Amino acid sequence: MKIKLRLKEILAEKGISQRELARMMGIRHPTINHLCSESVDRVYIRTLEQICEALNITVDQLIVSVEDE
């Protein structure tokens, strides 16, 4: 089992760009860009909290488990 961030999908659903989210959160755009990629291997819990607050979502909407391919 793997864990995946659905950030890229959620941003598309809400019509929010990565740059816009970075501005909303007060963090650098490359950080959001990395979190939207498939190569995320770690993330701070506080960052997850900030994303959830900015997008008005819950952590279980942001993080999902996926089957190994």
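Me: Hello! Where does N56 lie, between which two helices?
Reply: N56 sits in the loop that runs between helix 4 and helix 5 (59-62). Helices here are DSSP runs of H or I with at least four residues, strands are runs of E with at least two, and both are numbered from the N terminus. This is a predicted model, in which local features need pLDDT of at least 70, side-chain atom pairs count only at pLDDT 80 or more, and totals for chains, interfaces and linings use all residues. Residues are numbered from 1 along each chain as its sequence is written, and side-chain values use heavy atoms, with hydrogens and water left out.

Me: What makes the phi of N56 worth a look?
Reply: N56 has a positive phi of about 55 degrees, although N56 is not a glycine. Most residues other than glycine have a negative phi.

Me: Why does N56 count as exposed?
Reply: Exposed means over 50% relative accessible area, buried under 20%, and partly exposed in between (1.4 Å probe, protein chains only). N56 has 69% relative accessibility, so N56 counts as exposed.

Me: And T47, buried or exposed?
Reply: T47 belongs to helix 4 and has 13% relative accessibility, so T47 counts as buried. Leaving aside neighbours within four places in sequence, T47 is in contact (heavy atoms within 4.5 Å) with M25 and L35. Across the protein, 28% of the 69 residues count as buried.

Me: How do you know how compact the protein is?
Reply: The protein has five helices and two strands, in the order β-α-α-α-α-α-β along the sequence. Its radius of gyration is 11 Å, close to the 11 Å that the globule rule gives for 69 residues, so the protein is as compact as a globular protein of that length. The radius is taken over C-alpha atoms, and the rule is 2.2 Å times the number of residues to the power 0.38. Along the principal axes, the C-alpha atoms fill a box of roughly 35 × 20 × 20 Å.

Me: What makes up the largest nonpolar core?
Reply: A nonpolar core is a set of buried Ala, Val, Leu, Ile, Met, Phe, Trp, Tyr and Cys residues joined through side-chain atoms within 4.5 Å. The largest one has 17 residues, and those with the most contacts inside it are L7, L11, L21, I32, I51, L55 and L62. Helix 1, helix 2 (18-25), helix 3 and helix 4 each supply at least two residues of this core, and helix 4 gives the largest share, four residues. L55 touches L7, I10, L11, K14, I16 and L21, not counting residues up to four places away in sequence.

Me: Which residues line the second largest pocket?
Reply: The lining is made of I27, T31, H34, L35, R42, V43, Y44, T47 and Q50. Helix 3 (29-35) and helix 4 (45-55) are the elements that give two or more residues, and helix 3 has the largest share, three residues. A pocket is an open set of points on a 1 Å grid over the protein atoms alone where a 1.4 Å probe fits, with protein on both sides within 12 Å along at least five of seven lines; lining residues have an atom within 4 Å of a point.

Me: Which element gives the most to the lining of the largest pocket?
Reply: Strand 1 does, with four residues. Strand 1 (2-5), helix 1 (7-14) and strand 2 (63-66) each supply at least two residues of that lining.
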